[in-house]
Amino acid sequence: MDAQQILDIAFREAKKMSSKTTIRKKGEAKYIEMDLIKLDVAYAIAMGYLNTYIKQASYELTDFEKELMDTLIDVPKKNKQIEKIKSIIKILKKLKSEHEMKIKYADHKKQSNEIRAAFYGRMSSLIKKLKFDAIESFTAELGTLPQIKKMDTIIIAGYPNVGKSQVLKTMSGHKIQTAAYPFTTKELLIGFAKNRYSEVQLIDTPGILDRPIEKRNSIEQKALLAMKYISKNILFIMDPSETCGYALKEQLNLKKEIEEKFKPKMFIVATKKDIQEVDVKVDCYINAKSREDVDKLRLLIMKHFF
Ligand SMILES: Nc1nc2c(ncn2[C@@H]2O[C@H](COP(=O)(O)OP(=O)(O)O)[C@@H](O)[C@H]2O)c(=O)[nH]1
Ligand SMILES: [Mg+2]
């Protein structure tokens, strides 16, 4: 929508409404009454649009969503557009009651018509000062943000092919949801691990926390680091057998980088124990394909994090 479209609708509906309404008055009084209806309807319709923009743009974001939104749209511009709408609403309110009063005291239809037209003119020039593009982008992007539940959460990190998805699948019994993540072509995978008393959300982050963060551009880094607002609990997975295609040293560097950037509470798991068990210091060493091993891991991480 732009200002002109809002005005077109407002004036069109005002005209329609004034001719549809049955007015008992006769002669000049009838036309004066019609001008009152026009003023009222045009104002109400314009206000309806303006208030909808304010309502949409005032949607309260979580810290995580705020961080992502900052990378997606020009947030200060959106806020300025909202402030401007609010200030113009105030002026419009005052103008409306002034002009309404003047029409009520008009002696003949020519006079009421002029007052109504003057109001239309003022309303047009005020509304034409408004822009809604940043608000509209905000609303559009809001729908694309990943839907993450506010509950105990663990984020899974580690190089590709180390077994992140395998752990998630085995631990959450294959019921996985997906959510798009800005600046990555991949999706977040969300699973839930239950024990007798509680449930935790597990988020696998392909394309996100699976490569050095430093090498990415600054907007992408910001989007990746936003993950820390979801949770500080990181399950770092590594594959010491190196069948994933990444040297153990590289994997340990990624772990170090995540530790520095996230200051997380971390739990370190090594996978592919069945392929090759390497002498490396970790919190738990498993075969991610073994139900038994993953059950053991689940108990350990529940105790470690919560
Ligand atoms: N033998 C064995 N294969 C594993 C283990 N963990 C993962 N894999 C296999 O390694 C490959 C990559 O695992 P995946 O979970 O997709 O890695 P991701 O990229 O970190 O999500 C898949 O073929 C898995 O089946 C493990 O502990 N043992
Ligand atoms: Mg995966």
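Strand β4 (residues 199–204) is mostly covered, with 5 of its 6 residues buried. A residue is buried if 20 or more other C-beta atoms lie within 10 Å of its own, exposed if 12 or fewer, and partly exposed in between; C-beta atoms are placed from the backbone. Strands (E, at least two residues) and helices (H or I, at least four) are DSSP runs, numbered from the N terminus. This is a predicted model: local features need pLDDT of at least 70, side-chain atom pairs count only at pLDDT 80 or more, and totals for chains, interfaces and linings use all residues. Residues are numbered from 1 along each chain as its sequence is written, while chains are lettered from A and ligands numbered from 1 in the order in which they are written.

Stay with β4 and look at its partners. Two strands pair if DSSP finds at least two bridges between them. Strand β1 (residues 153–157) pairs with β4 in the parallel sense, over 4 bridges. There, isoleucine 156 stands opposite aspartate 204 of β4. Strand β3 (residues 187–194) runs antiparallel to β4, and 6 bridges join the two. In β3 and β4, isoleucine 190 faces isoleucine 203.

Now step back to the whole chain. The secondary structure comes to 10 helices and 7 strands. The chain is divided into domain 1 (3–142) and domain 2 (153–305); these bounds come from an automatic or database domain assignment. Taken over C-alpha atoms, the domain centres are 51 Å apart. Two residues are in contact if their C-beta atoms, placed from the backbone, lie within 7 Å. Ala, Val, Leu, Ile, Met, Phe, Trp, Tyr, Cys and Pro count as nonpolar, Asp, Glu, Lys and Arg as charged, and the others, Gly among them, as polar.

What about overall dimensions? The C-alpha atoms fill a box of roughly 100 × 40 × 25 Å along the principal axes. The radius of gyration is 30 Å, whereas a compact globule of 306 residues would have one near 19 Å. That radius is taken over C-alpha atoms, and the globule rule is 2.2 Å times the number of residues to the power 0.38. Buried residues make up 31% of the 306. Among contacts between residues at least 6 apart in sequence, 70% join residues at least 24 apart.

Phenylalanine 119 sits in helix α5 (residues 109–127). Phenylalanine 119 counts as buried because 23 C-beta neighbours lie inside 10 Å. Leaving out residues up to four places away in sequence, phenylalanine 119 touches Leu39, Leu95 and His99. Glutamate 141 is 22 residues from phenylalanine 119 along the chain, and their C-alpha atoms are separated by 36 Å.

Next come two loops. Glutamate 242 is in the loop between β5 (233–238) and α9 (248–262). Its phi is near 65 degrees, a positive value in a residue other than glycine. Glutamate 242 is partly exposed, with 19 other C-beta atoms within 10 Å. Lysine 263 lies in the loop between α9 and β6 (265–270). Phi of lysine 263 is near 45 degrees, also positive in a non-glycine residue. Lysine 263 counts as exposed because its C-beta neighbours inside 10 Å number 10.

Finish at ligand 1. Its surroundings comprise 15 residues, the closest being Gly163, Lys164, Ser165, Gln166 and Ala288. A residue is near the molecule if its C-beta atom, placed from the backbone, lies within 6 Å of it. By class, this shell has 4 nonpolar, 7 polar and 4 charged residues.
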